[in-house]
Amino acid sequence: GVMLRDLFEADDGGWLQDVGLLDRLATDKLQREAESIAAEGWKWVEVGIDFPYGYTAGLRHLAGEVVPLRDEEIAARDALRAEFDRLEEEYAEADDMPEGVDERLAELETALEAFETRPAQYEPIDVARAGAFVGIDHGGTLRVERGFVRPEDETAALADEDRPEGEAG
């Protein structure tokens, strides 16, 4: 897209002129992510760059269960944490951190965060009637919120549970 630049900006900053193009590119990328989320078996997946306030109102949120880390995952996390702490301590007094070290710290921080923000696991029957929202968080990274049940899906699930065994709907 076309970038408009300010002649008097010290950092050669600018802004994108075609906001529609940016929205379309972001939505396309979110749609690709949504396809992988849908492959998990969710009944519906809604994509949006920015969801309006109260978008989950009237929906029941399933709790899910966060699976504990396995021993090898704990060992990997601890090794990453040790490297992070070592690098931070080593360069704590430095006036200027080398670019490679700064990049490595950012990589380590991202990897450690992935251990802390693992998605919850849901029962297959819940996945079949619930859905997920795929969007962008305030920091500009992918945000996936799983496990929301719409009222009409609650009613269908209750009707299925009340039906005598072997009877079709």
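This is a short chat about the fold of a predicted model.

Student: Before we start, what kind of model is this, and what pLDDT do local features need?
Tutor: It is a predicted model: local features need pLDDT of at least 70, side-chain atom pairs count only at pLDDT 80 or more, and totals for chains, interfaces and linings use all residues. Residues are numbered from 1 along each chain as its sequence is written, and side-chain values use heavy atoms, with hydrogens and water left out.

Student: OK. How many helices and strands does the protein chain have?
Tutor: Five helices and six strands. Both are DSSP runs, numbered from the N terminus: helices are H or I with at least four residues, strands are E with at least two.

Student: In what order do the elements run from the N terminus?
Tutor: β-β-α-β-β-α-α-α-β-β-α.

Student: What is the strand order in the open sheet?
Tutor: β3-β5-β6-β4, four strands with mixed pairing. The edge strands are β3 (44-47) and β4 (60-61), and each pairs on one side only. Two strands count as paired if DSSP finds at least two bridges between them.

Student: Which sense for β3 and β5, parallel or antiparallel?
Tutor: Parallel, over four bridges. V47 sits opposite V134 of β5 there.

Student: And how many bridges join β5 to β6?
Tutor: Six, and the two strands run antiparallel. F133 has E145 of β6 as its bridge partner. I136 faces L142 in β6.

Student: What links those two strands?
Tutor: β5 and β6 form a hairpin with five residues between them. G140 in the turn has a positive phi of about 90 degrees.

Student: How is β4 held to β6?
Tutor: By two bridges, with the strands antiparallel; β6 covers residues 142-149. R60 pairs with V149 in β6, and H61 stands opposite F148.

Student: Is β5 covered or open?
Tutor: Mostly covered: five of its six residues are buried. Buried means under 20% relative accessible area, exposed over 50%, and partly exposed in between, using a 1.4 Å probe and protein chains only.

Student: Which helix lies across this sheet?
Tutor: Helix α1, residues 19-38, lies across β3, β5 (131-136) and β6. It runs at about 150 degrees to β5. Axes are lines fitted to C-alpha atoms, for helices over the stretch in contact, and angles run from 0 to 180 degrees between N-to-C directions.

Student: Let's zoom in on W44. Where is it?
Tutor: W44 is in strand β3. It counts as buried, at 8% relative accessibility.

Student: What does W44 touch?
Tutor: Leaving out residues up to four places away in sequence, W44 touches L59, A130, G131, A132, F133, F148, R150 and D153. Contact means heavy atoms within 4.5 Å. The C-alpha atoms of W44 and G131 are 4.6 Å apart, although the two residues are 87 residues apart along the chain.

Student: New topic. At what angle do α2 and α3 pack?
Tutor: About 145 degrees, with the axes 10 Å apart. Helix α2 is residues 71-90 and helix α3 is residues 99-116. The contact includes L80, F84 and L87 of α2, and L105, L108 and F115 of α3.

Student: What lies 2.8 Å from a polar atom of the E73 side chain?
Tutor: The backbone nitrogen of R70.

Student: And R129, where does that sit?
Tutor: In the loop between α4 (124-127) and β5. R129 is buried, with a relative accessible area of 17%. Its side chain makes a polar contact with the side chain of D126, at 3.2 Å. A polar contact is a pair of N or O atoms within 3.5 Å; within protein, one must be able to donate a hydrogen and the other to accept it, and residues adjacent in sequence count only if both atoms are side-chain atoms.

Student: Last one, on the whole chain. What share of residues is buried?
Tutor: Of the 169 residues, 22% count as buried. Among contacts with a separation of 6 or more, 63% join residues 24 or more positions apart.
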